[in-house]
Amino acid sequence: MFGRPTPHRPRLIPGLHPRSRRRLRAAALGTALATMLVPALSACGGDSAAASGSSTLKWTSSYFPTHWDPVVSGSGAQFRELALVYASLTRTDESGKAVPDLARSWEYNAKGDQVTFHLRPGLKFSDGEPVDATAVKAAVERAKKQQNSALFGDLTSIESVDAKGLDAVVNLTQVDYQIPQLLGERVLQIASPKAARSPEKLDQNPVGAGPFVITQIVPGTKAVLKKNPDYWDAENIHINNVELTSAPDSSTVVSGLKTGVYNFADIDPSQADAAKKAGLDVFVQPGFNASNISLNTNKAPFDNPKVVDAVRYAINRQEFVDKLTFGYGEVTDQPFPKGYVAYDPESANTYPYDPAKSQKLLAEAGHKPGDIKLDLVIPADDPQAEIVQSQLAKVGITVNIKIDKNWATPFFAKDLTFSLYGTTGRDSALQTLTAHFGPDGPLNLSSPYEPAGFEAAVAKVRETPLDSPEYTKVLQAATRAGLRSGALVFTYSQPNLIAKSPSVSDLPKNPAHINWTGVTVGGS
């Protein structure tokens, strides 16, 4: 997730890699209001209703939402769970392009600083309120202004929204052709304006216009949903009920799938073979995941470019893949996996593994072996940290791994010197770049530093329509400019690994998204 980089926003943690989030949550679930049942939004339904239907999806998730208000929950990986309840102006197809959702179409003005979204007629939220441009305006304004919003940093290109019946006119602060890509399921899931008047209630009683309606919530543990007959594409939703639960320890997920407690789950790569042997379907859902080592170039010793380069050459990316991904990952030196439109082939392997060169650079910087001692601050135990510790020790840098459960506060306040981060990317590749390399980027531990030429390259991307034949070239040039940054060392990419019962049909392969359109369960 990328949100406001201020010290009072620990909710930014949902942008972490799923395994880190699972470790953090495991300690908290025992005290997370597990016995308090939230009243049903609909008088009918509940566990018995869900259990009685043959078309019940039983999804156990590493990303069970802490918040059901999309403004508070933000744009991390948990957006996939919230998308059960909420719809957006656009969504992403299998090619990664923005396609209609609540908006049936859109167009830009000639200058490119205004885009009008035309909403589908006759839609309503699950509380009966109309889905119209007024609702879109309210959603944008709340995301920009609500005090605990984790989204306002995503909407800096939007100046205002004019509501004209079913036409939402989005006025921009600059030419920006990324907006349809941006305002999808990750960033602008639209809640009922009436329900959103009380954000605290919405946070545990979500009201949207998505494919399902919440009937019960056990905070932090379980949610029960039923099909929304008023969803715009309801005829292609074949699942009647959903039981969404917070995933237990990864070692027990496969047994739960095997016994029918669940029929759908994201799994750790270490469990993939066991899942296959149990007769489960294991598949890779495409994504934009990438892990990195974060350096603060405003602090010693990383204020010396030779030390930064020494760390770059000391990292053996293949070791991360071999030890952590069980054959499902690949090395990457960019915030995107290979083959993605924003991945820049020209920048590949700019800093190959070369420990001898690393040691030479450290010597040139005036450091003897053992001189540099670093605290690597992370939120929970993570085998990545041990790999970093071992690799840097080989070139004479001593790393002390420090666990800080409140890690988010110093990380997003840019107070740390050395840390790890793993994100799930963005539908807008440009926003992934600005989040990592921009002067105000929440994932740029070296803010306000940005590499020379990056700002101009970003502006060029915004000014280039996504269907322009020059778009890929311009986007990759921005990636190249961003990678000149000394603030991040990317290590490996790991896809989203899913295990499901054979009774659940195959899903559309929408990158980073889980799309239930056309999916059947059992006899559904």
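Predicted model: local features only at pLDDT ≥ 70, side-chain atom pairs only at ≥ 80, totals over all residues.
Residues are numbered from 1 along each chain as its sequence is written, and side-chain values use heavy atoms, with hydrogens and water left out.

The secondary structure of the chain comprises 18 helices and 22 strands; helices (H or I, at least four residues) and strands (E, at least two) are DSSP runs, numbered from the N terminus. Of the 524 residues, 58% are buried, where buried means under 20% relative accessible area, exposed over 50% and partly exposed in between (1.4 Å probe, protein chains only). The chain has an accessible surface of about 19,800 Å², and carbon and sulfur atoms contribute 51% of it. Accessible areas come from the Shrake-Rupley method with a 1.4 Å probe; for residues, only the protein chains shown count as cover. Contact means heavy atoms within 4.5 Å. Among contacts between residues at least 6 apart in sequence, 72% join residues at least 24 apart.

Rolling a probe the size of a water molecule over the atoms shows where empty space is left. A cavity is a set of points, on a 1 Å grid over the protein atoms alone, where a 1.4 Å probe fits but cannot get out; lining residues have an atom within 4 Å of a point. Grid points are joined across faces, edges and corners, and a volume is the space filled by probe spheres set on the points. Four cavities of 30 Å³ or more are counted by this rule. The second largest cavity holds about 130 Å³ of space. Its lining consists of 16 residues, of which Ala-83, Glu-185, Pro-211, Tyr-231 and Asn-515 are the closest to the centre. By class, the lining of the second largest cavity contains nine nonpolar, three polar and four charged residues. Here Ala, Val, Leu, Ile, Met, Phe, Trp, Tyr, Cys and Pro count as nonpolar, Asp, Glu, Lys and Arg as charged, and the others, Gly among them, as polar.

Two strands pair if DSSP finds at least two bridges between them. Strand E15 (residues 290–295) is mostly covered, with six of its six residues buried. Ala-290, Asn-292 and Ser-294 point one way from E15, and Ser-291, Ile-293 and Leu-295 point the other way. E15 runs antiparallel to strand E19 (residues 418–423), to which six bridges join it; in this pair Ala-290 stands opposite Thr-423. E15 is also antiparallel to strand E20 (residues 488–490), with three bridges, and here Asn-292 stands opposite Phe-490.

Strand E6 (residues 114–119) is likewise mostly covered, five of its six residues being buried. Five bridges pair E6 with strand E5 (residues 103–108) in the antiparallel sense, and Tyr-108 has Val-115 in E6 as its bridge partner. E5 and E6 form a hairpin with five residues between them, and Gly-112 in the turn has a positive phi of about 90°.

Most residues other than glycine have a negative phi, and most peptide bonds are trans. A cis peptide bond, with omega about 5°, joins Ala-300 and Pro-301, and Pro-301 is placed in the loop between E15 and helix H11 (305–314). Another cis peptide bond joins Ser-447 and Pro-448, with omega about 5°; Pro-448 is in the loop between helix H16 (429–437) and helix H17 (454–462). Phe-326, a residue other than glycine, has a positive phi near 50°. Phe-326 lies in the loop between helix H12 (317–324) and strand E16 (330–331) and is partly exposed, with a relative accessible area of 48%. Lys-414 is not a glycine either, and its phi is positive at about 65°. Lys-414 is found in the loop between helix H15 (408–412) and E19 and counts as buried at 14% relative accessibility.

Arg-142 lies in helix H5 (residues 133–145) and is buried, with a relative accessible area of 13%. Leaving aside neighbours within four places in sequence, Arg-142 is in contact with residues including Asp-69, Ser-149, Ala-196 and Leu-202. Arg-142 and Ala-196 are 54 residues apart in sequence and 8.6 Å apart in space, C-alpha to C-alpha.

Note on methods
1 Å grid on protein atoms, 1.4 Å probe; cavity = no way out; pocket = protein on both sides within 12 Å on 5 of 7 lines; lining within 4 Å.
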